[in-house]
Amino acid sequence: MDIGDEVNFLNEVRKNYMLSLKGLKYAEIELERLQIHATAKGLGEIFDKAIETAESDLDLANSMMPDIRSLNHGIKDLSSEMRLSILAYFPSPTENYKSTNEDLFDSIGIAETDLVVCDVVGDSMIGAGIKSSDLLLANSFEVPESGKIVIAEIEGKLFVKRYAVIGGVVHLFSENPNYEPIIINSEQKFRIKGVVKHILSKI
């Protein structure tokens, strides 16, 4: 088997293994066929390697999902459009992924009453891996600590910055050297709208 054929075989095994975890019968049948083919052609090691690769991918995907132990529950009406918009950022091949609107808040680990959603515009937080067009999910109930990334409202405008209290004064830092820190004075209308918990990027 040449390299191209081996790669194709690996991809087929990996794909059908993941789909079989979702309970798709055709994928289970195809995976069985591929295993029989691998045994007959002496490709057992390649088949096993494909399964190991798929499981490694699943472990990585699971590690990027919110910790199931930190779930909160709340009651708040969020439009179906917003729910679907958020769900669009959670593509996952895992069988445990909850894809219904009702399970959205379990997936992100933020109570409905506490969820703040923010679209990112600009590059001031690029050093923190936050880029323009990303979607941020923040918890408005969590008390911010120094070093946390927050969504802040200053004079009616929203900012995404790293929060710090220095000498009793709030400082908001960018993760881009082109932007100066924002120092909050007592005359400004300022509040923390939420502590950022998830940075969701479109692929």
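The model is predicted, with local features needing pLDDT of at least 70 and side-chain atom pairs counting only at pLDDT 80 or more, while totals for chains, interfaces and linings use all residues. Residues are numbered from 1 along each chain as its sequence is written, and side-chain values use heavy atoms, without hydrogens and water.

I placed Asp-48 in helix α3 (residues 44-64), helices being DSSP runs (H or I) of at least four residues and strands (E) of at least two. Asp-48 is partly exposed, at a relative accessible area of 43%, on a scale where buried means under 20%, exposed over 50% and partly exposed in between, with a 1.4 Å probe.

I then turned to the sheet, which is open and has seven strands in the order β1-β2-β7-β3-β4-β5-β6, with antiparallel pairing; a pair needs at least two DSSP bridges. The edge strands are β1 and β6 (182-183), each pairing on one side only.

Strand β2 (residues 135-139) is largely enclosed by the rest of the structure, because five of its five residues are buried. Leu-135, Leu-137 and Asn-139 cover one side, and Leu-136 and Ala-138 lie on the other. I noted that five bridges join β2 to strand β1 (residues 115-119), and five join β2 to strand β7 (residues 190-200). Leu-136 stands opposite Cys-118 and also opposite Ile-199 in β7.
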